[in-house]
Amino acid sequence: MITFTPLSGAARSSRTVPLAYLLQVDDIRILLDCGSPDWNPENIETQSESGDGVIYPWQEYCDIMRKYAPEIDLVLLSHGDLAHSGLYAYAYCHWDLRAPCYTTLPVQAMARIATMEDVEGIRDEQEVDIKEEETDESAATDGAESSEPRSPKVKNEPKKFVATVQEVHEAFDAVNTLRYSQPTHLQGKCQGLTITPFAAGHTLGGTIWKIRSPSAGTIVYAVNLNHMRERHIDGTVLYRPAAGGVFEPLARPDLFITDADRVNVVTSRRKDRDAALIDAISATLSSRSSLLLPCDSSTRLLELLVLLDQHWKYADFRFPICLLSRNGREMLTFVRSMMEWLGGTVSKEDVGVDGSGRTGGTRRRRGDDDADDEALGAFALRFKFLEFFPSPQSLLQTYSSKEPKLILAVPASLSHGPSRLLFSDFAAVPDNVVLLTSRGEEDTLGRILFDKWNNSQRGDDKWDKGKIGSNVMMDGAMTLKMNSKVPLQGAELEAFLAKEKAAKDREAAHQASMARNQRILEADEDESDEDSDSDSDEEDEVERALDESQMDTDEISNPANGSPRKRKIPKNEDDADWGLDIDEGLTKQLLSFDIYLKGNVSKATSFFKSAGGQTHRFRMFPYVEKKRRVDEYGETIDVGMWLRKGKVLENEAEDEATREARRNQAEGETEAPREPPSKFVTSEVEIQLACRLLFVDMEGLNDGRAVKMIVPQVNPRKMIIVHAQAAAADALIDSCANIRSMTRDIYAPSVGETVQIGQHTNSFSISLSDELLSTIKMSRFEDNEVGYVTGRVASHFSSTIPILEPSGPAIPTPNANILHTPRLLGSRPLQILPRSTMIGELKLTALKSRLASVGVQAELVGEGVLICGAGARRDQSSSSIQDTVAVRKTGPGRVELEGNVSDIYYVVRKEIYNLHALVAT
């Protein structure tokens, strides 16, 4: 049985992102994608219905994800953007989403880059690790003394589930990567499932997942497809008209899960969109103005960079292309190492060849400091007109605000980071252009600007009508909430430093206390070890005699109840215990002839008293006898000695260069500048809009015409629609209803709604013994081999899977009819013969082809009748009718063969048998 539950991005929903779906196949739970919402929408706070607090758009989705994360058995990621993979790192580290995760290598790299860019941008502006805290005792006391009621600390602060950079690396390092068309047979709880990735287009490494289950059949998960070839990637393999339509391994699945977000959208031609984008850029730069192009940090950015680089070379522009991204350079390094995944104009045929056709893999360009210039694909993705800037401040230090330039800034939603900060200064300058290439998520600044542009267009020029539209002049005022991180100054800085010093003092005192307690515990343990190692009665007597000298007791009155108690005076450093089995090196350091030796001193018991009081006697030479400690397993091992020896061997094995590198790294860590104390502040900025606004669709997704053409050709048995608004989902359902061969089992569940398909089945695994396997007669039918077995199930202690073994000779069951039937004298007794089973469905056209291959002519006469032999020839004579055989299909699984006994008869019967799998029982 298949159970499907959308966690986010469902059909008939106003919020179509992020994408996360729970697919349960029998007892196996599969998480399809794990996207993250935008953490900084413009209208972030929504009052709850009960009025007792504030709820946020992502709260319900994150609560559901936290609930199901520990129960997930498999995670499949389809694309490397935030909408599909943004929340995986946080769920992996905080919500125990430790199930095996599979994706392609580019998706792993792009998702890592996109998530790192997002978390670094948010953490650089906001405090996200805020939790509800209980007030301490002092705060409670102060609150009790004051008359004003105190609200709980950070009670209504939003909790944003943003991972750290280290957690992002840890999560994506655990992801398993696959190649396209590589079937993977899963083990463990997912045993029996086979997953295969196929190219989906839209993003580098974008994946269509094919899931094969022995009980549920074939499931295809395909969202965000693009069948058109782009500049840096090829289109999806699901539909290729040049190859004959739908890809055969993905055709006719038992369940097809796809999106319908753009069913009502008609996209303009790619040639027109590229021309509109280039014309807007050229006209703006030629007028000495600048452009701001918000973009994502990994996936769709590549298509823009390739397009701009080609145009800059063609037009011989000298204007700079500025990319504001912390990880932009690292992203291009990843892409250059994955040239086999690229397509379009940046294909692997172009690797290592420059524009003049000369191979330049062994020659470095002057002035290029990138260490990967000579790597695979360096000439294809060099982007020599592109400059990287980690922050807007570094951009202003290089280029003034009046110089014309094209700025690519992340993120595309304009919700935080460099793009939002630049927009606050950029939008107030006349003739500047803000160029949008995607619609953005609901309630973000990017979507607000898109709606403003779309509402300003005429009815036929809107973005979903197949037209480009024109730029609009923005006017009016807009208030933006800006988050920033500023250093502490004045009294705040002094208070912070005092608090930090007090925390360090408390930590130092705590460490000292812990160290003192550890020394006391080690001393007690050493004393107990010495007592346990004493195997001589004489030594026991000496120890008992020395108890009085080693321990002094003082009568101390307890201040609580006044009762006396004994206190053990700690031993000073001079009373070192030399009777212990300690390390030889430590013994050499502590051994001295000038100190009193604990354990080697005893009180004199002489009758005569000395003038100085009680005298002591010492051994002549302080010799320490090393003893072997033995437990129930034999002589104990000194672990410390082995660790020290291993460290010495490692140091000896390292060469001088390695030691020097480690020394330099340690010096660099110590000399690293410490970040000054800072705080996060939020301010509201009012902007007078004066720039121009233009939208050009560069999302790279199928439009409604492509979706309505591809889905019927896939022809699934059942289909689930996700990632669509209500109007789009209904439009796709109505379109499929008009096609006779299309299934009627189409579902469009909402968030949290469960769809159940099929019945619950229990599958079991069994192993055939070698003896039984050698006696099976297998018959081939299409791509399978079928055989009949009978035996008994046995369980062995050495295997968790039951084994089917051959059963003993069957005891004949007496048949009443046979026993009471009179038998003629001399006749043999009646025996029940085993019956054979023929598996398959006879097709008369296939039989006609097989007969023609062996030289037997056959013709179809009427419906369900095939005439074979001489009767199929027109110039037949009456004497040749006896060599004619007729084959009739009288019903499902019933075939009649009629004709005289002849060579033709046996040939036709043999070919009929060959079209079936004959299983003898």
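Which strands and which helix do the buried residues of α22 pack against? The views below take up this question first and then turn to other parts of the chain.

The model is predicted, with local features requiring pLDDT of at least 70 and side-chain atom pairs counted only at pLDDT 80 or more, while totals for chains, interfaces and linings use all residues. Residues are numbered from 1 along each chain as its sequence is written, and side-chain values use heavy atoms, with hydrogens and water left out.

**View 1. Helix α22 and its packing partners.** Helix α22 spans residues 844-853, and its buried residues are Leu844, Leu847 and Leu851 (buried means under 20% relative accessible area, exposed over 50% and partly exposed in between, with a 1.4 Å probe and protein chains only; helices, H or I of at least four residues, and strands, E of at least two, are DSSP runs numbered from the N terminus). Seen down the axis of α22, these buried residues fall within an arc of 55°, so they line one face of the helix, the arc being that of the directions from the helix axis to the C-beta atoms. An α-helix has 3.6 residues a turn, so residues three or four places apart point the same way. The buried residues of α22 pack against β40 (858-860), β41 (865-869), β42 (884-891) and α23 (903-914), where contact means heavy atoms within 4.5 Å. On the other side of α22, Thr845, Ala852 and Ser853 are exposed, and just after the helix Gly855 takes a positive phi of about 90°.

View 2. Thr884 counts as buried because its relative accessibility is 17%. When its neighbours within four places in sequence are left aside, Thr884 is in contact with Ile867, Cys868, Ala870, Gly871, Glu898, Gly899 and Asn900.

**View 3. The two faces of helix α6.** In helix α6 (residues 165-173), the buried residues are Glu167, Val168, Ala171 and Phe172. Viewed down the axis of α6, they fall within an arc of 120°, so they line one face of the helix. The elements covering these buried residues include α2 (82-85), α3 (88-94) and α4 (105-123), whereas Gln166 and Asp173, on the other side of α6, are exposed.

**View 4. The largest nonpolar core.** This core has 76 residues, and those with the most contacts inside it are Ile281, Trp312, Leu408, Phe423 and Leu449; a nonpolar core is a set of buried Ala, Val, Leu, Ile, Met, Phe, Trp, Tyr and Cys residues joined through side-chain atoms within 4.5 Å. Helix α8 (residues 301-315) supplies the largest share of the core, eight residues. Leaving aside neighbours within four places in sequence, Leu449 is in contact with Leu414, Phe423, Leu436, Met474, Met478 and Leu693. A second, separate core of 39 residues includes Met65, Val75, Cys101 and Ala111.

View 5. Two strands are taken to pair if DSSP finds at least two bridges between them.

**View 6. An open sheet of seven strands.** The strands follow the order β9-β10-β11-β12-β15-β31-β32, and the pairing is mixed. At the edges are β9 (184-185) and β32 (746-747), each of which pairs on one side only. Strand β15 (residues 255-259) pairs with strand β31 (residues 719-722) in the parallel sense over four bridges, and Asp259 stands opposite Val722 in β31.

**View 7. Aromatic pairs around Phe317.** Rings of Phe, Tyr and Trp (its six-membered ring) pair if their centres lie within 6.5 Å, and planes under 30 degrees apart count as stacked, over 60 as edge-to-face and the rest as tilted; by this rule the count comes to 21 aromatic pairs. Trp312 and Phe317 form an edge-to-face pair, at 5.1 Å centre to centre and 90° between the planes. Trp312 is buried with a relative accessible area of 0%, and Phe317 is buried with 13%. The rings of Phe317 and Phe319 have their centres 5.6 Å apart and their planes at 75°, so this pair is edge-to-face.
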